[in-house]
Amino acid sequence: MKKSILITGGAGFIGSHVVKLFVKKYPDYRIVNLDCLTYAGNLENLKEIEGAQNYYFERVNILDETGLTEVFEKHGISDVIHLAAESHVDRSITDPLAFVKTNVIGTVNLLNTAKTFWKNYEEHLFYHISTDEVYGSLDEGGFFLETTPYDPQSPYSASKASSDHFVRAYSNTYKLKTVISNCSNNYGPNQFPEKLIPLCIHNIKTNKPLPVYGKGENIRDWLYVVDHARAIDVVFHQGKSGETYNIGGFNEWKNIDIVRLLCQKMDEKLSREKGSSEKLITFVKDRAGHDLRYAIDASKIQKELGWEPNLQFEEGISKTIDWYLENEDWLNNVTSGAYQQYYAEHYSNR
Ligand code: NAD
Ligand code: DAU
């Protein structure tokens with residue numbers, strides 16, 4: 001059977017890289033991007049493939065059961081790669097219910113649609129994209145393994161943990177073929193400038209304060225988004241049903257060190273006096289319940305599926321800064337809100 005893959009959240013940061021990879025690499029697959037275009041959805045991310053023969057876009061909310069069923073029927077969906085989510089921790093602190101709705105109820109809606117539409121479960125895969133944040137927070141030592149007990153600390157991570165549990169429950173109860181991957185912090189082109197790295201790049205460029213939460217001592221494990229998309233490709237095609245795969249870069253950085261690195265690199269790239277961007281660093285009130293450290297042990301996916309990151313961090317950061325500097329229009333359209341007109345201007349007559 002020819003694959004018709006539903007990729008949810010494909011207009012977002014990671015989803016758009018996954019859609020681009022699959023559309024280009026697998027011309028025989030039908031790639032259906034389903035996204036309701038929240039503030040985080042940006043169809044400009046997909047400009048380079050929007051005319052491809054094997055690419056389809058459906059503006060549907062995963063909370064809309066009828067809309068989901070129509071998309072499954074229209075495109076004969078054979079597999080799902082589910083990325084659609086509310087993804088920003090700070091927003092989850094001010095509006096937890098939005099995260100429960102999309103991340104928990106939306107995921108269950110999607111599972112129900114797949115469960116009803118698919119007849120022989122052996123022929124189909126439901127692949128759920130999750131986060132390392134479900135494992136909670138680490139102190140100085142140790143890594144998150146696939147067997148680490150869940151201990152989510154923020155409303156965002158609680159909602160993602162809940163969705164992971166539902167995916168496993170559908171596998172156990174209804175024998176749906178499922179796989180889950182839990183990834184560390186991504187960075188790279190097309191990331192919405194509310195997240196640390198693009199926010200700092202934008203603020204350095206425009207000489208605005210760089211807000212560092214608390215003392216900047218919190219540690220994250222960073223992975224270039226294209227390496228994550230490659231890992232998703234590998235897990236989708238080779239992952240074992242019922243398994244979980246941790247994805248990460250073995251690349252831990254304190255927030256303050258990342259912000260300083262961005263300042264140094266941007267001083268060079270913008271030909272500014274050495275040390276001038278660091279003056280923008282501003283320590284601000286800490287995030288409520290701020291997890292201290294995340295660190296993924298990605299040896300299972302390396303050993304079993306042969307995936308490892310291609311890009312070293314300093315090279316990835318340099319590429320990312322270059323992308324934001326070269327794609328001023330993308331950033332201007334995001335900050336002005338013009339990106340939200342892209343659907344009406346380019347897709348509404350399709
Ligand atoms: P993002 O916020 O950039 O994109 C999310 C996309 O989902 C947007 O296009 C948005 O319009 C869409 N969406 C949101 N609610 C929807 C709904 N109800 N119906 C349909 N579409 C909806 O997110 P991202 O950073 O690309 O993350 C993608 C996935 O990867 C999420 O599931 C996230 O939990 C997970 N993840 C992210 C990271 C990271 O560092 N960004 C790391 C690990 C895992
Ligand atoms: O670990 C994976 C997770 O990484 C994903 O599941 C989430 O979807 C994604 O948003 C990301 O979560 P974080 O909270 O780690 O990312 P964020 O970019 O918001 O913050 C990174 C770190 O920087 C975190 O310790 C908080 C800090 N921070 C963030 C912002 C936005 C600041 O110090 N200042 C800021 O302005």
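Predicted model: local features only at pLDDT ≥ 70, side-chain atom pairs only at ≥ 80, totals over all residues.
Colleague: Which residues are the closest to ligand 1?
Modeller: The shell around ligand 1 holds 28 residues. By class these are 14 nonpolar, twelve polar and two charged residues. The closest are Ile14, Asp35, Ser87, Tyr156 and Lys160.

Colleague: How much of the accessible area of ligand 1 does the protein cover?
Modeller: On its own, ligand 1 has 830 Å² of accessible area. The part of this that the protein covers is 96%.

Colleague: Which element gives the most to the shell around ligand 1?
Modeller: Four elements each supply at least two residues: helix H1 (13-25), strand S5 (125-131), helix H5 (155-174) and strand S7 (185-187). With three residues, the element that gives the most is S5.

Colleague: Which residues around ligand 2 are the closest?
Modeller: Ligand 2 is surrounded by 23 residues. Sorted by class, the shell has nine nonpolar, eight polar and six charged residues. The closest to ligand 2 are Ser87, Asp132, Tyr156, Arg287 and His290.

Colleague: Which residue has a polar side-chain atom 2.6 Å from an oxygen atom of ligand 2?
Modeller: Proline 211 makes its contact through a backbone N or O atom, 2.7 Å from a nitrogen atom of ligand 2. The side chain of asparagine 255 has an N or O atom 2.9 Å from an oxygen atom of the ligand. The side-chain contact at 2.6 Å belongs to arginine 287.

Colleague: What share of the area of ligand 2 does the protein bury?
Modeller: Arginine 287 is one of the residues in polar contact with ligand 2. Taken alone, this ligand exposes 690 Å². The protein buries 94% of that.

Colleague: Which element gives the most to the shell around ligand 2?
Modeller: Helix H6 (196-205) and strand S8 (210-213) are the elements that give two or more residues. Three residues come from the element that gives the most, S8.

Colleague: Which residues lie closest to the centre of the second largest pocket?
Modeller: This pocket has a volume of about 400 Å³. It is lined by 18 residues. By class the lining has six nonpolar, five polar and seven charged residues. The closest to the centre are Lys20, Asn45, Glu48, Asn190 and Trp323.

Colleague: Which element gives the most to the lining of the second largest pocket?
Modeller: Two or more residues of the lining come from each of H1, helix H7 (225-238), helix H10 (313-326) and helix H11 (328-336). Four residues are supplied by the element that gives the most, H1.

Colleague: How much space lies in the largest cavity?
Modeller: The count of cavities of 30 Å³ or more comes to one. Its lining consists of Val89, Ser154, Arg220, Arg287, Ala288, Gly289, His290, Asp291 and Tyr294. By class these are three nonpolar, three polar and three charged residues. The space in the largest cavity is about 40 Å³.

Colleague: How far apart are the end C-alpha atoms of residues 6-320?
Modeller: An unreviewed UniProt entry lists residues 6-320 as "domain: NAD(P)-binding". Over these residues the chain is 40% helix and 17% strand. The distance between the end C-alpha atoms is 28 Å.

Note on methods: Residues numbered from 1 in each chain as written. Chains lettered and ligands numbered in written order. Heavy atoms only, no water. Near = heavy atom within 4 Å. Areas by Shrake-Rupley, 256 points an atom, 1.4 Å probe, with all protein chains shown as cover. Nonpolar A, V, L, I, M, F, W, Y, C, P; charged D, E, K, R; others polar. 1 Å grid on protein atoms, 1.4 Å probe; cavity = no way out; pocket = protein on both sides within 12 Å on 5 of 7 lines; lining within 4 Å. Points joined across faces, edges and corners; volume = space filled by probe spheres on them. Polar contact = N/O pair within 3.5 Å; in protein donor to acceptor, adjacent residues only side chain to side chain. UniProt positions renumbered as here; feature names shortened; annotations may be inferred.
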